[in-house]
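Good morning, everyone, and thank you for making time for this.

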Amino acid sequence: MEPVGVDAAAVLVPAPRVGCPVQDLLTTVPDDPGAAAAAVERAASEIVGGPVSVRTDGLTDGPRSVGSGPVGLSWTVECPRVPADRRRLLEQACVWLRLVIERDHAATALDDAAAETAIVTDVVEALLSVHDVDQLLLSIVDRTLGLLDSDICGVLLREGDEVRMRSCVGHRVIDTARLRMRRGQGVAGLVFETGRPAKVDRYVEDRTISRDFVGLAEREQTESALAVPLELPGEFLGVLEVWRRRPSVFSEQDVRRMVTLANFATIALRSARLHDEQVRANTGLEKAHAALKHQVGVLGRSAELQEALLTTVLEGGGLPAVARRVAVHLHCQVGIYDAAGTRLAVHGGDGLPQTLATRSRSGRSLRRAAGLPTAARMQPVYADGDEIGCVCLLPASGGEGSGEEMLDAVAAQVAMACSLTLLRERAASRARREALNEVLWDLLQGPPEHRVAARARAQQMGVTLGSRLRVLHGHLENVEDLAAAHGWDTSRTDRLRRDVVRALRDREDGPRLALVGRRGDLVVAVAESLDAAGARALVHDIVASCRAEAPGLRSSWGVSRPHDDADSLPSAFNEAETALSASHRLGGDNVFLYEELGVVRLLLGSGSDPDLQTFIEDVTGPLVAYDRDNDGSLVRTLRAFFDADCSQRAASEKLFVHHKTLRYRLERIKQLTGLDLSRHDDRMRADVALRLLQLNGDPA
C-alpha cells in the first residue's frame, strides 16, 4: 500500500461533478454506522478505481490512505494515484463517517444511561416502598446483587464497635451469614475504619486488607469484592458489600452505582426505622388508649360502687349490707372477718371459710394460710389506728363477674366502707361505754342522789345489777415500763390499756362482768353471784387475758366481799381498794379477797367505825344471832376456848360441860363462820373480833 499523508482538518472542496457517489453519500443521514462504512467503501472504490477499506485504528498515514482522526480510508498500491481534489472528497467521506459513528456512540451512551437510570429508579422505588427493616435489608441485597452482577451480597449493620451481618444472599457457607467484623478487618472492616468505599480484585492474594477472612473467602471461592458505607450525616449505620466468584474487576462505574444505591438504601433504612418507630408509637398509643379506656371503665364502676357503699353506710346498713352490696355489684363472693379471723358477714356464695385460722401482716400469706386461690383479694380493715379485721373478695367461679384488676381497684374501698361501718358502730359502742363508765363511777363513788340516777341509767341501758355483787379493783403495774422497753408512743400505750378493758368487757366464758371501767392504770369491774373460789378463779382468768394482750404485763387485784344490792357498792369499792392495797404490799398470787384478809384489813383500812363493825360482824355476827335465836352460848364458849389457850379440856372444865359438848360447839362455830380454829390466822381473827365485841359493850 502506498500511503499518502492527508490533513484530517482539510477544508472540504466543492463536489467535482453532479452524480459523484461520494457527493451523493454526503447528502444522506444513515442510522447504522456499519451500513454507512460499507457505503463509504463502495463510493470511495469508484473514485479510487480499486478496492478501498475503512479503518478505525487511526493508522492512515501514507499515499494510499486518507483519514479524519480515528477514521480513515486505505487502498492497494495497484490503484492509480488519486488526484488531490478527489482525496479531499475522500477526506470529507471520512469526516462524514466519523460523525455518523460518534453520533451512534452518543446515542448508545444515552441509551445505556437511560437504561441504568431506569434500573436505579426501579431499585430506589422498590427500596423506598418497603417499611419493614428486615424485609428492606433483604430487598437491598437482592437489588444490589442484580445491579452489580455479583454472586454474593450482604448488609452488615453497626453494633457498637463491630459490624454484624444482618442480611445475606448467594452465600454457600453459613459462617458468611454470621460475619462479625471489627474496624480494619476485611473489606467491610476497612470501610468501617475509613468511612470510604473499598474494593479488591484478588481477595485471597490482596495485601491491602487483613487476612482474618481469607479462609472463608477460599471456601466461598471469592475472587473480588466491593464495599461501600451506609451512613447518614454524623452516623455510621453499616456496610453494603458484594462479592464475585469469577475473575473480574469492579469498575469506577460499579463503584458509583453501588454508592448511589447505598445512599438510597441508607435513606430507605432510615425511613424504615422511622416507620417502625412510628408503628411502635402508634401501637403504643393504641394500647395506651385501650388501657386508658379500660381504666376509665374500671374507675367508673369503682366510683359507682363507692357511691353505693357510702349510701349503705349513711343509711346505717351494717356489715351484712356492705357485703351484699359489693357481691351484687361485682358478682363475686365477699367475706368480712374480725381481728380473730371469725367471719362476721358473707354474701355471694359459700367458697369462703368460716374462720381464718392464721392472721398475718400480708394479704398474700393470709390468703395462702386460708387455702384461698390466688385470685382472691385480702384487704385489712383499720379503725382507730387498729387492724380490726379484713375483707376477702373472691371472683365468681367460671371466669364470670369482675376480674382481678377490678377487685384490686375496689378492695380498698370495700375495706374503707367496712371501716366506716365499724367506726360508726364503735362510736355508738364508745358512747355506750363512756356512759356505762360514768354509771360505774357514780355507783362506786357518787353521792346518794347520783347513785340513784346511775342505777336508773344502767337499767335503761339494759344493765341489771342483781345480788351478791363483788367489786374487782385492778392495777396495771408496768405499762410504762413495757412502753419504754418496746419504744411505744402514747397512742400505742393507751391502746394497750384499752385492749385490757376490752378483753374484760368482751369475755364470753365464765361469770359475767356487769360493768367495767378504767381510770389511768386502774381497772374496776362489778361481777355478780360469785363465791370466794369463783372470784379468785375469775381474777386469775383476767390476769391471763391481760398477759395475752401484752406478754410481760403485770397486774394486782383486790376483790370485795359479796353485797346484796347496788346501794352497798361504795362499801364494796372500799373493800376492793383495801384488798388491792394488800395485794401491792403483801404480793402473793396477785389477788386478795377482802373476806380473806383477816386482821390485815383493819391495818390497811381507813379505820372508820363501819369497817371495824363489819369486821366484828363477819366473825361474831352469826354466833350472836345463833345464841339469840337458840338460847345458846357459842360466843361464851369461843371466849372460854381462847382464855384456856385453845385447850378443849381446860375450856370444858371452865364451862362445866362435857368435852364432847365443847367439841360439838366448836364444830358448830366453824359451820357458822367458816373459821377453822386449828389455823392460826382464823384463831387470831376470831380472838380480835371477840375482844372488839367486848369493847363495843356487847356480851361475850
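This is a predicted model: local features need pLDDT of at least 70, side-chain atom pairs count only at pLDDT 80 or more; totals for chains, interfaces and linings use all residues.

Let me begin with helix H13, residues 479-486, whose buried residues are Val-479, Leu-482 and Ala-483. Why do they lie on the same side of H13? They cover an arc of only 100 degrees around the axis, and that puts them on the same side of the helix. The buried residues of H13 pack against strand S14 (469-476) and helix H14 (490-505), whereas the face turned away from the buried side carries the exposed residues Asp-481, Ala-484 and Ala-485. After H13 comes Gly-487, with a positive phi near 70 degrees.

Turning to the aromatic rings, a search of the whole structure finds three aromatic pairs. One of them is the stacked pair of Phe-192 and Phe-236, with 5.0 Å centre to centre and 25 degrees between the planes. Because Phe-192 lies in helix H6 and Phe-236 in strand S9, this pair ties together parts that are 44 residues apart in sequence. Both Phe-192 and Phe-236 are buried.

Finally, on the surface, Leu-310, Leu-314, Met-416 and Leu-420 form a nonpolar patch with about 400 Å² of accessible area together. Helix H8 (252-314) and helix H11 (404-445) each give two or more residues to this patch. Met-416, found in helix H11, counts as exposed because its relative accessibility is 52%.

Terms used
Residues are numbered from 1 along each chain as its sequence is written. Side-chain values use heavy atoms; hydrogens and water are left out. Patches are made of residues with over 30% relative accessible area and no salt bridge: like charges are joined within 9 Å, nonpolar side chains (Val, Leu, Ile, Met, Phe, Trp, Tyr) within 5 Å. Accessible areas come from the Shrake-Rupley method with a 1.4 Å probe; for residues, only the protein chains shown count as cover. A salt bridge is a side-chain nitrogen of Lys or Arg within 4 Å of a carboxyl oxygen of Asp or Glu. Helices (H or I, at least four residues) and strands (E, at least two) are DSSP runs, numbered from the N terminus. Buried means under 20% relative accessible area, exposed over 50%, partly exposed in between (1.4 Å probe, protein chains only). The arc is that of the directions from the helix axis to the C-beta atoms. Contact means heavy atoms within 4.5 Å. Rings of Phe, Tyr and Trp (its six-membered ring) pair if their centres lie within 6.5 Å; planes under 30 degrees apart count as stacked, over 60 as edge-to-face and the rest as tilted.
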